[in-house]
Amino acid sequence: MWGVGPVTEVKLRDQGILTIGQLANAPGHSLERLLGPAAGEKLAALAWNRDAREIRTHHRARSAGAQSALGRKPATEQVFKPVLRHLADRVASRLRAKSLAGRTITVRVRFADMHAVTRSLTLDAPISATTMVAEIAEELVRAALADHPRETVITLVAVSVSHLKQQPAIQLDLPLGLPDEKRRPGTRQGIARWSADRAIDAVRERFGRDAVGYATAQLDRRQSVPDAFRELAQKELGGGQAEPANGHARPGAPRQPP
């Protein structure tokens with residue numbers, strides 16, 4: 001239940017409150033004495049599905065992000081590359097589903113001592129192609145590790161795309177030989193990648209997400225532990241729209257492709 005963290009859970013369990021129904025039937029004053037006036041009143045109201053917060057139906061997402069907890073893994077490309085591909089696939093497909101694209105790619109890397117660093121890159125043109133997001137994320141993670149050569153173990157990586165805008169179609173670019181052409185969505189390579197992604201999106205919409213995908217993400221998904229706490233990406237990568245812990249997130253290892 002939203003608002004019930006580990007400490008509150010222990011307090012409620014000690015009082016024999018294990019379900020939302022039991023919480024709803026608990027005397028209000030007992031909850032206030034146990035948790036404090038504010039928390040007790042809030043949880044009692046939520047247990048009865050009463051929430052005074054305003055519903056914002058036209059709120060625009062500022063970013064989309066996802067993260068994977070790795071346990072303790074070596075800080076090598078063999079570990080983080082397939083994880084980043086998997087995360088980029090999830091984030092970019094969500095952006096395309098809403099006809100969105102973003103200009104800023106941000107990664108977060110957490111080390112063995114729980115210390116974390118972030119790196120970001122802002123592009124001239126917004127992107128939503130999975131491979132583009134993945135390649136930029138890989139470069140950013142390499143830069144973060146190069147800046148911390150003594151860190152040999154990583155425990156989490158996260159990817160976020162921000163500075164979002166609507167992108168129902170892509171404007172073609174002239175082949176001018178610009179140094180960042182591989183990162184521009186309107187080049188021949190950019191259009192090809194976006195078109196491939198749209199084809200994958202169409203297959204998944206009809207047959208399910210596991211029906212098709214990029215080989216590096218699909219075949220190495222055992223190394224990409226999908227976290228059940230993607231809402232943390234919202235807090236840790238700048239307050240955007242991350243996959244929620246309840247509903248869309250799937251705890252545990254994903255089904256392996258046949």
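The model is predicted.

The protein chain comprises nine helices and five strands. Read from the N terminus, these elements follow the order α-α-α-α-β-α-β-β-α-β-α-α-α-β. Of the 258 residues in the protein chain, 42% are buried. Among the contacts in the protein chain with a separation of 6 or more, 72% are accounted for by residues 24 or more positions apart.

The packing of helices may be taken next. Two packed helices are described by the angle between their axes and by the distance between those axes. For α5 and α7, the angle is about 85° and the axes are 11 Å apart. Angles of 65 to 115 degrees count as roughly perpendicular, and α5 and α7 are therefore roughly perpendicular to each other. On the α5 side, the residues that meet α7 are D89, S93 and R96; on the α7 side, they are W194, D197, R198, D201 and R204. By class, the residues of this contact between α5 and α7 comprise six charged, one polar and one nonpolar.

Helix α7 also packs against α6. The axes of α6 and α7 come within 8 Å and cross at roughly 115°, which makes α6 roughly perpendicular to α7. From α6, the contact draws on T130, T131, M132 and E135, while α7 contributes G190, R193 and D197. The contact of α6 with α7 has three charged, three polar and one nonpolar residue.

Across the whole structure, a search finds eleven of them. One joins E77 to R142, with the closest N and O atoms 2.5 Å apart. E77 belongs to helix α5 (residues 77–97) and R142 to helix α6 (residues 130–147), so this pair ties together parts that are 65 residues apart in sequence. Are the two partners buried or exposed, or does each fall in between? E77 counts as partly exposed because its relative accessibility is 34%. R142 likewise counts as partly exposed, at 32% relative accessibility.

R142 also takes part in a salt bridge with E138, at 3.6 Å from N to O. R142 and E138 both lie in helix α6, four residues apart, which is about one turn of the helix. E138 has a relative accessible area of 3% and is buried. Through salt bridges that share partners, E77, R85, E138 and R142 are joined into one network.

Another salt bridge is formed by D201 and R96, whose closest N and O atoms are 2.7 Å apart. This pair links distant parts of the chain, since D201 is in helix α7 (residues 188–207) and R96 in helix α5, 105 residues apart. Both D201 and R96 are buried.

Some individual residues complete the picture. S162 is found in strand β4 (residues 153–166). With a relative accessible area of 16%, S162 is buried, because the cut-off for a buried residue is under 20%. Which residues does S162 contact, leaving aside its neighbours within four places in sequence? They are R62, S63, G102, R103 and T104.

S99 has a positive phi of about 55°, although it is not a glycine. S99 is located in the loop between α5 and β2 (100–111), and its relative accessible area of 28% makes S99 partly exposed. M114, also a residue other than glycine, has a positive phi near 75°. M114 has its place in the loop between β2 and β3 (116–127).

Definitions and conventions. Residues are numbered from 1 along each chain as its sequence is written. This is a predicted model: local features need pLDDT of at least 70, side-chain atom pairs count only at pLDDT 80 or more; totals for chains, interfaces and linings use all residues. Side-chain values use heavy atoms; hydrogens and water are left out. A salt bridge is a side-chain nitrogen of Lys or Arg within 4 Å of a carboxyl oxygen of Asp or Glu. Helices (H or I, at least four residues) and strands (E, at least two) are DSSP runs, numbered from the N terminus. Buried means under 20% relative accessible area, exposed over 50%, partly exposed in between (1.4 Å probe, protein chains only). Contact means heavy atoms within 4.5 Å. Axes are lines fitted to C-alpha atoms, for helices over the stretch in contact, and angles run from 0 to 180 degrees between N-to-C directions. Angles under 35 degrees count as roughly parallel, over 145 as roughly antiparallel, 65 to 115 as roughly perpendicular and the rest as oblique. Ala, Val, Leu, Ile, Met, Phe, Trp, Tyr, Cys and Pro count as nonpolar, Asp, Glu, Lys and Arg as charged, and the others, Gly among them, as polar.
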